[in-house]
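Subject: Structure handover

Hello,

Here is the structure you were expecting.

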Amino acid sequence: MEAQGQSMKTEGGFRQFASYAGMNILAMAGFSCYILADTFFIAQGMAADGLAALNLAIPVFSLIAGCGKLLGMGGAIQYSVLGSQGEQDRANRAFSWSIAAGLAISVLFVLAGLFAAGPLARLLGAGGKVLGMTQSYLRVLLYFSPAFILEGALLCFVRNDGSPQLAMLATVCGSLANILLDYLLIFPLDMGILGAALATGVSPLAGLAILSLHWRKRRRGLCLRPPAGAPWGRILALGFPSLAAELCSGLAMMAFNLTILRLEGDLGVAVYGVVANLAIVAVAMFDGLAQGMQPLVSRAYGGGKEEQTRRLFLWGLSAALLLAAAMIGAATLGAGPIAGLFNSQRDPELQRMAVQGLRLYFTAMPFAGVNIVAAAYFTATERALPAQVVTLCRGFVLVLPALALLSTWLGLTGVWLAVPAAEALTVLVSAATARRTRVEAGRRNSPPA
């Protein structure tokens, strides 16, 4: 009995939460550095035109990453819930179906790279000398889509199978490989934007090599099984918020690019690339926090431990607000030096716009952190619809009207304020949704009259 009590204290306790959350925050920050490393090295080697080309191509990267998260998060949640209920065979069928679906989807991306890179670059707003650079970057990203999708999915499953440290190591190693290859291919080998794209494309292969070590563990649960009978409908429903977040991010970035092209031209898009890519790293840390708490919330929920589930949610919200405070402090006090890192030509107009953009855009972080943790909590407790509502509001439904209105009234300043406004309004949606789910849960659990 004493051992059982100790196990109960450990499972879902704060130390375990801190371990899972901390590992995954570092992992996702490392994962997001794929794009940030490209931003830095392209800024040094190709200046504003290279930054503009990179930023125009990022929505496609968001779509590819979103497909990996769709299958990884949805499948991993089902894997955890089914495993906690003693249905390990069905859990492994969910895993197998997710991997097979990822391989099938990646074929479509590869075909797009072969036949549609040019039209896609033009659709994203590329023109003039930026068009060729954008097309080259897109083609390589699409060719390497199988590696991105498989790595994104396997990270979720390995984390849910009790190896958050290995998942973190895989993402960190992938990012280090990206940084090293960026330097080698852009500078000594002088491959320009093609070198940056190749560095990004090859990097997930390093992550996959590290993740493969999970299958050497004796206590692993993940095994390939025939995917027939997998709960694929639940996988797609539960993974959709993760896909929607990436899709909304990509669509919003397209809208921002086109708006800024109209207001400030290619230089404005280059500045937005710096601000948005730094924000990607910040948001990725919230995603890491959310993904770290997800296995614990799913296990507690699957085991019927409602108090533990709520406690994990409150810890997640507190951690998100602490992270956001640190981010705002860094963006406010360090905006000048940070912008200078990406301003290789010391352009005063680029510097001015980037400093203003960082300080205004990062006021969104407390609201973004709350919304991301709330959506992850709803997903981990199999409430797919509330998670989808929060994700769509913060990523698309509210941000596009905010961008249209504020950019019309305030110009570029309004562009920087659009995301903070949309995230703040979405917090109200998250709070109302959380309250509604608590009321519904209370009604279900109340004794009959």
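The notes below take the whole chain and then a single residue.

Please keep in mind that this is a predicted model.

Whole chain

The protein chain contains 16 helices and 0 strands. Its radius of gyration is 22 Å, close to the 22 Å that the globule rule gives for 449 residues, so the chain is as compact as a globular protein of that length. Along the principal axes, the C-alpha atoms fill a box of roughly 70 × 45 × 35 Å.

Of the 449 residues, 55% are buried. If you take the contacts between residues at least 6 apart in sequence, 82% of them join residues at least 24 apart.

As for the surface, the chain exposes about 18,000 Å², and 67% of that comes from carbon and sulfur atoms. The charged side chains number 31 positive and 21 negative. The centres of these two sets lie 8 Å apart.

Glu423

This residue sits in helix 16, which covers residues 412-445. Is Glu423 buried or exposed? Its relative accessibility is 3%, and buried means under 20%, so Glu423 counts as buried.

What does the side chain of Glu423 pair with? There is a polar contact of 2.8 Å between the side chains of Glu423 and Arg394.

Regards

Conventions
Residues are numbered from 1 along each chain as its sequence is written. This is a predicted model: local features need pLDDT of at least 70, side-chain atom pairs count only at pLDDT 80 or more; totals for chains, interfaces and linings use all residues. Side-chain values use heavy atoms; hydrogens and water are left out. Helices (H or I, at least four residues) and strands (E, at least two) are DSSP runs, numbered from the N terminus. Buried means under 20% relative accessible area, exposed over 50%, partly exposed in between (1.4 Å probe, protein chains only). A polar contact is a pair of N or O atoms within 3.5 Å; within protein, one must be able to donate a hydrogen and the other to accept it, and residues adjacent in sequence count only if both atoms are side-chain atoms. The radius of gyration is taken over C-alpha atoms; the globule rule is 2.2 Å times the number of residues to the power 0.38. Contact means heavy atoms within 4.5 Å. Accessible areas come from the Shrake-Rupley method with a 1.4 Å probe; for residues, only the protein chains shown count as cover. Lys and Arg count as positive and Asp and Glu as negative; His and the chain ends are not counted. The place of a charge is taken as NZ of Lys, CZ of Arg, CG of Asp or CD of Glu.
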